[in-house]
Amino acid sequence: MTRGAFSTDPVEEASDGAIDQPDGAQLRRRLGKADLRAVPEARKALRELLRHWGKPGRSEIAELLTSELVTNALIHTDDDALLTATIGPRGLRVEVRDFVARRPRMRVPNADDGTHGRGLVLVHSLADAWGVRAHGVGKAVWFELNGGTV
């Protein structure tokens, strides 16, 4: 259940998470176990999907947040993952599903820790809504962005 259409609070979601999508474009990509080459490939595929979507800067934010979720799924699990991005009337919804039940944890980044610990902080800061949805096996971490018109 989502609290408000565009909230920055993480949201537990019991539904399938599908965004309203009568004729929306969609990207689905399987990400191989620990294959970090999938990160730039996912960004490129998303960039193509979003070529004519949203106000300037929105697709770049979507690429950044997608990179973070894909990287987290590949680094913090020992299994494949599935990326789904859907454009619908309310905006863009991206989710990365993995097959590990361990929930992601947002933490305060440590300045001495290089680039680790910033992914979910970025998602929390830049997404209009985000959350985690449990599956029978694993979970999906998702975010939504409006096109900049709301």
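## Model and confidence

Helices, in the sense used here, are DSSP runs of H or I with at least four residues, and they are numbered from the N terminus.

The structure is a predicted model, and its average pLDDT is 80, with 75% of the residues scoring at least 70. Over residues 1-22, however, pLDDT stays under 50, although the model has 59 contacts beyond four places in sequence for this stretch. Where pLDDT is low, the predicted coordinates should not be read in detail.

## The nonpolar core

The largest nonpolar core holds 31 residues, and among these L31, L50, L92, V96 and F143 touch the most other members. Several elements give two or more residues to this core, including helix 1 (38-49), helix 2 (58-76) and helix 3 (119-126), and the strands that do so are strand 2 (26-31), strand 3 (81-88), strand 4 (91-98), strand 5 (129-134) and strand 6 (139-145). In soluble globular proteins, nonpolar side chains tend to be buried together.

Strand 6 is mostly covered, since 7 of its 7 residues are buried. From this strand K139, V141, F143 and L145 point one way, whereas A140, W142 and E144 point the other way, and the residues on both sides are buried.

Strand 6 runs antiparallel to strand 4, to which 7 bridges join it, and V96 stands opposite V141 of strand 6. Strand 6 is also joined to strand 5 by 6 bridges, again in an antiparallel arrangement; here R133 has A140 as its bridge partner, and A129 has E144. Between strand 5 and strand 6 lies a hairpin with 4 residues between the strands, in which G138 takes a positive phi near 95 degrees. Strand 5 has 5 of its 6 residues buried, so this strand is largely enclosed by the rest of the structure.

## Aromatic rings and a charge

The count of aromatic pairs in this model comes to 0. The ring of W142 does have a charged group over it, however, for the charged end of R93 sits there, 4.3 Å from the ring centre.

## Two residues of helix 2

S67 lies in helix 2, and, leaving aside its neighbours within four places in sequence, S67 is in contact with V39 and R43. The relative accessibility of S67 is 7%, and because buried means under 20%, S67 counts as buried.

T71 and G119 are 48 residues apart in sequence, while in space the distance between them is 8.6 Å, taken from C-alpha to C-alpha.

How values were computed. Residues are numbered from 1 along each chain as its sequence is written. Side-chain values use heavy atoms; hydrogens and water are left out. A nonpolar core is a set of buried Ala, Val, Leu, Ile, Met, Phe, Trp, Tyr and Cys residues joined through side-chain atoms within 4.5 Å. Buried means under 20% relative accessible area, exposed over 50%, partly exposed in between (1.4 Å probe, protein chains only). Two strands pair if DSSP finds at least two bridges between them. pLDDT is the predictor's confidence in each residue, from 0 to 100. Contact means heavy atoms within 4.5 Å. Rings of Phe, Tyr and Trp (its six-membered ring) pair if their centres lie within 6.5 Å; planes under 30 degrees apart count as stacked, over 60 as edge-to-face and the rest as tilted. A charge sits over a ring if NZ of Lys or CZ of Arg is within 6 Å of the ring centre and within 35 degrees of the ring normal.
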